[in-house]
Every structure is written in structure tokens, then in C-alpha cells.
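Me: Hey, can you walk me through this one? I'd like to start with a single helix and then zoom out.

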2 protein chains.
Amino acid sequence: MIGIFDSGVGGLTVARAIEQLLPDHSLTYYGDIAKTPYGPKSPETIIKYSIHNTEFLLDKGAELIVIACNSASSVATETLRKRFHVPILEVISPAAQRAIQTSKNGRIGVIGTRATIKSGVYEKKITAERPDCTIFQVACPLLVPLVEEDWLNKRETKMILRRYLHPLKNKQIDTLVLGCTHYPLLKNLIQARIGKKVNLIDSSIETAHYVKDFLIRNPSVISKSKDATHRYYASDSTEAAIQVAKRIFSRPVELIVI
Amino acid sequence: MIGIFDSGVGGLTVARAIEQLLPDHSLTYYGDIAKTPYGPKSPETIIKYSIHNTEFLLDKGAELIVIACNSASSVATETLRKRFHVPILEVISPAAQRAIQTSKNGRIGVIGTRATIKSGVYEKKITAERPDCTIFQVACPLLVPLVEEDWLNKRETKMILRRYLHPLKNKQIDTLVLGCTHYPLLKNLIQARIGKKVNLIDSSIETAHYVKDFLIRNPSVISKSKDATHRYYASDSTEAAIQVAKRIFSRPVELIVI
């Protein structure tokens, strides 16, 4: 069974993409809504929560863990890999890989939470493989609350996006990594503001492809199950979370609060 | 010793007001930055955290607990009073009292987090004493992230405030309760948008007066100490939190991370 965790419901964009690509696999999701958001918190705190979330998923029978949160992927992957003996996949490498393949001029933008941007992990991963690349990073801490408030079409959201994207506008980037699992919900707004010619990299979709490729290369990691089950656990339930989940799946989603 | 807890650093507005009114008292603050914000979370989760925070303060020797968070005051006060045998003071009653005394026309606005507004606690407390009052409530969930991002003077913050306050504009309110410990930092912006004639009730200041009055009436609650010490603990430390703390105290504040 594939175990997926996130700081809240944003990571459901990853779960949904995996379900669409791997419909025959069972999947258990854990959203840490009671402590959301992770993005503004310290690495130590994010690591502590990530260990707890992984233990929960292993208890439920996970044979593979997907960290569906850019903030947790940025700061906790190494610790989780040392501590647990199942494969730990994360959302940064797949998005970084796609950016490396996509960019022609080597000028790549990255937007994300404070934790993700401060870790510099996208820059490290991209320039390790393509030292010719120049990375322009912007932390966009207000985008997660705006998405969670369902303010997707509000004028203020568009203005805040314009302000965040402004430093990237004159950098001639041809590729922009959406380095937070909430941002795919703002894709159209971002595209309109950064320009049609800029390729947007959606870390959720890239991660789903990466998980699929990983399982093709390592088929024995996951034991076969007759019926694929999808369960979504959460450490809290709120109306806003239920709304965001519904928007991601285009249908109501049952969150099991534990 | 007075123990004060909050979901993060917003409650430092209460701590500072208490320190100014009661400079001879020792005070221990606990800000639950690792799980902030409480406002969008469920009552069950907020109660669980509030019990933990109170136990921490009692361990440190608190003889009186002040819940310096409107969300926690709204949903957790009753549970804490049943469970712990020290006086538990909160921020709602003092602000509600002041609103009752201040309003002439009985039309009172309340702004706060989702948890506070959904609980309806201000309305219950005010109309219990003054059934002639009509209460107009608006949840303003984005104000806490905006304050924590230090976006106090940004155009977007002013627009968002205008949008939140709009439903109150034609209600002829003469009094507006700032029902969240972060909102005093937006006082001038709120006053400018709601109108000069509307009295703003700052729950932080009202709570400090209430604590002072309580200790005059119940002097034996707090044991005398020779030197007043002020300690600020937090469950996490972030740059944004340190900045907000500094803004509230107009000086750097040492947060002890535990």
C-alpha cells in the first residue's frame, strides 16, 4: 500500500494524481490538519511531525511513503530515510527533474513556502545536474491561507500573486516550479500573471509520474491487493479543509479524523 | 506567578498590557508556535492544545492562568475550569463587558477568527447582560496570516480589511470588538475603514485591566515574589514570530524554545 502524508489537505493534489495514474493501487493518506501549516515553521518542528506521520502510515501498513508536502520534503527527507526502512519518495526531485528537462535558457523560477525556499533545496538539486542554470526563488507564504480560504477568484489574491511574481517578471525565466502542493489550484492565475510562454511545473503531477516509474522499476516494493482501497485520514477536520478536498477531487471526500 | 498562553505570539499583546499594569508580578508566557494558528481548527483540537499549554504553565509554577487567545478562550475555558483548580481568566468576558458599557445604541460588531465567531461566545455574553443589543459578527481568517507576515501597510491588507468590514458598514454599529489578539496591530487601519465614530474594543487591554481587578479582589491567589521575572516560552521559533514579538514590545524579546 502507498502511504502519503502532508501538512494538511494540499497534498491531496498529489494523492489524486497518483490515483489517476495508478488506479489499481491501495493508498492511505494522512493530512496533519491539526498542525497545519508546516511552511512557516522551523525545520526541527517539521521533522518531528514528519516522523510522527510516517509512523502512523507504517502502522497502517504502508510499504512506500510519499511526502506530499514541499516543506516536509525540503527539510525532513534525509532524516526519514535514515530512520525508516521503506522507500521514501518526495515531491522536490520529480519537479526539479522536470524543470531541468524543460528549461531551454537555464533560467528557472521557484515559488514555495518559507521553509521550502529557505532550504534552497530546488536550487541545489537543479544546479547539481545543470550547473549552467540560474535559479530565482520567491517565498509566497500567503498563498496557502488564500487557497485554504477559497479566495481563488478574489481581486486581492490576484494582486498578491502579482506582487509575489513581480521579482521574477524581468528575469527572463522560461520555467517556473510550483513548489507547494497548494499552488496547482492557482495555476491559471499564475500562468496569466507570469506570462503564457513560461512553463509551469506542477510538483503534484511530476511526483505521481515519479511514483509510477519507481514502482515499474521496483515492483516488489508493494504487495498486490485484490481491491484497491483509498483512505484519507486527518488529525483534524474543518469546513475549509473539507471544501479544499472537495475542490481537488471534484467530489466530496471522507476525511477520517484520528 | 501569572501564566499566560496563546496559540503563538499574538497573545504577547495581552502579556505586554499585563506587564505594564502589573509591573511587580512575575509572568510566564507560552506561545504554541509549533501548532499555530488555532483559529481555523476544530474546538476538539483547540481544547486538547489548551489543556497541554495549561499543564506546562502549572508545571512552571503558575498560580493563575490567562488564556490570551480568543479562539482558545471561546471553546476551551469551560473544560480548563473543570479540570484545573487555579483561576482561569480569559479574553472574551473583559472585552464583552467593555462593549456592554461602551455601546449607546446597542449595535455592536465583533470581528475574530473562524473558531471565535463560530462559537458565538461574544453574542451570548453580551446579550445575556444586555438583551437589547444586536451583535453583528464577521470572521476574518486572513488577518492573522497578514499580521504574521508583517503586511501591516500593504495595499492588499487594506483591501482585505475593507472587504471584511464591508458587511458592518451599514449596520450603524457604534462599537466594534477586536476579538483576536493579533488585531490590535491593525487598530489604525481598522479605525480608518470602519469610521472614527466607532469605538474599538481591544481585548488585550481590557483583559489586563480585568486581571488587575481580579488580583485586587483576590490578592492571596498570587504569592509575593521579590523580583518580578518575565519569561516567554514557545513550542517553536521562526523569524516571523520573532519579528511580531519585537513589534509588540518595541524591543527584541527572547523566546525560549522548548
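Predicted model: local features only at pLDDT ≥ 70, side-chain atom pairs only at ≥ 80, totals over all residues.

Me: Which residues of α11(A) are buried?
Reply: Those are Ala240(A), Ala241(A), Val244(A), Ala245(A) and Ile248(A). Looking down the axis of α11(A), they fall within an arc of 135 degrees, so they line one face of the helix.

Me: What comes just after α11(A)?
Reply: Ser250(A), which takes a positive phi of about 55 degrees.

Me: OK, zooming out. How is chain A divided?
Reply: Into domain 1 (2–90 + 205–257) and domain 2 (92–203). Their C-alpha centres lie 22 Å apart. Domain 1 of chain A puts 29 residues into the contact, and domain 2 of chain A puts in 27.

Me: Which elements give two or more residues to the domain 1 side?
Reply: In chain A, α1 (12–21), α2 (43–59), α3 (70–83), α10 (203–217) and α11 (239–249). By class, that side has 13 nonpolar, 11 polar and 5 charged residues.

Me: New topic: which residues touch the most other members of the largest nonpolar core?
Reply: Ile4(B), Val14(B), Val66(B), Ile67(B), Ala68(B), Leu143(B) and Val177(B), out of 81 residues in that core. Domain 1 and domain 2 of chain B both give residues to this core, so it lies between them.

Me: And what does Val14(B) touch?
Reply: Leaving out residues up to four places away in sequence, its contacts include Ile4(B), Val66(B), Ala68(B) and Thr181(B). There's also a second, separate core of 80 residues, with Val66(A), Leu80(A), Val110(A) and Cys180(A) among them.

How values were computed
Residues numbered from 1 in each chain as written. Chains lettered and ligands numbered in written order. Core = buried A, V, L, I, M, F, W, Y, C linked by C-beta atoms within 7 Å. Buried ≥ 20, exposed ≤ 12 C-beta atoms within 10 Å, placed from the backbone. Domains from an automatic or database assignment. Contact = placed C-beta atoms within 7 Å. Helix = DSSP H or I, 4+ residues; strand = E, 2+ residues; numbered from the N terminus. Nonpolar A, V, L, I, M, F, W, Y, C, P; charged D, E, K, R; others polar. Arc of directions from axis to C-beta.
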